[in-house]
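Hi,

Here is the structure I promised to pass on. Have a look at it first, and then read on for what turned up.

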Amino acid sequence: MVEVTVTPQSSLADRPVQIRVRGLSPCQLVTLRAWLKDEQGERFQSRAFFRADKAGDVDPGLHAALGGSYSGIWPMGLLWFLQPDTFFRRLVKRDVAGSPFRVRLEVLDGLSLGADPTEQLLASCEAERWYVGPGVQRVPIREGRVRGALFLPP
């Protein structure tokens, strides 16, 4: 049984996570895809192609991506290389304190380039990426023409 995990499952957006896939056949070609929807419902996604090691595992921190949104060893590549489905969109988090981005990670059999209805989903999981830690207080700043926010630690 194929399993994909993100450790930790919930973390701050600037903290590294470890993505691992287990249970593949030795040397199996797979596509790892990450996607999320922003607050306006726009979809952002990335994908990378990997060949499982002899134990049937894929770890983007140890194994080089063979192509896709990036190539080479990038432990956080699936999160760093998210691109919009619609041109000229930017990934912006407006409600930084109220909710996380929920990133869906999927493992697809073979090399998957698009939204092919025949692609076989082997495993999936979800990770939360928060922009403000627990207990952090957000104080709006309005002084003359200056607008901003001050984030105070607990």
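A polar contact here is a pair of N or O atoms within 3.5 Å, where, within protein, one must be able to donate a hydrogen and the other to accept it. Please keep in mind that this is a predicted model.

With that in hand, let me start at Ser11, which sits in strand β2 (residues 10-12). Its side chain makes a polar contact with the side chain of Arg129, at 2.7 Å. Leaving out residues up to four places away in sequence, Ser11 touches Val17, Glu128, Arg129 and Trp130. Is Ser11 buried or exposed? Its relative accessible area is 8%, and buried means under 20%, so Ser11 counts as buried.

The largest nonpolar core has 29 residues, and Ile19, Val21, Leu32, Phe50, Val58 and Leu78 have the most contacts inside it. Elements giving two or more residues to this core include β1 (3-7), β3 (18-22), β4 (29-37), β5 (43-51) and α1 (77-80). Phe50 is worth a look on your screen: setting aside neighbours within four places in sequence, its contacts include Leu32, Val58, Pro60, His63 and Tyr70.

Methods. Residues numbered from 1 in each chain as written. Predicted model: local features only at pLDDT ≥ 70, side-chain atom pairs only at ≥ 80, totals over all residues. Heavy atoms only, no water. Core = buried A, V, L, I, M, F, W, Y, C linked by side-chain atoms within 4.5 Å. Buried < 20%, exposed > 50% of the residue type's maximum accessible area, 1.4 Å probe, protein only. Helix = DSSP H or I, 4+ residues; strand = E, 2+ residues; numbered from the N terminus. Contact = heavy atoms within 4.5 Å.
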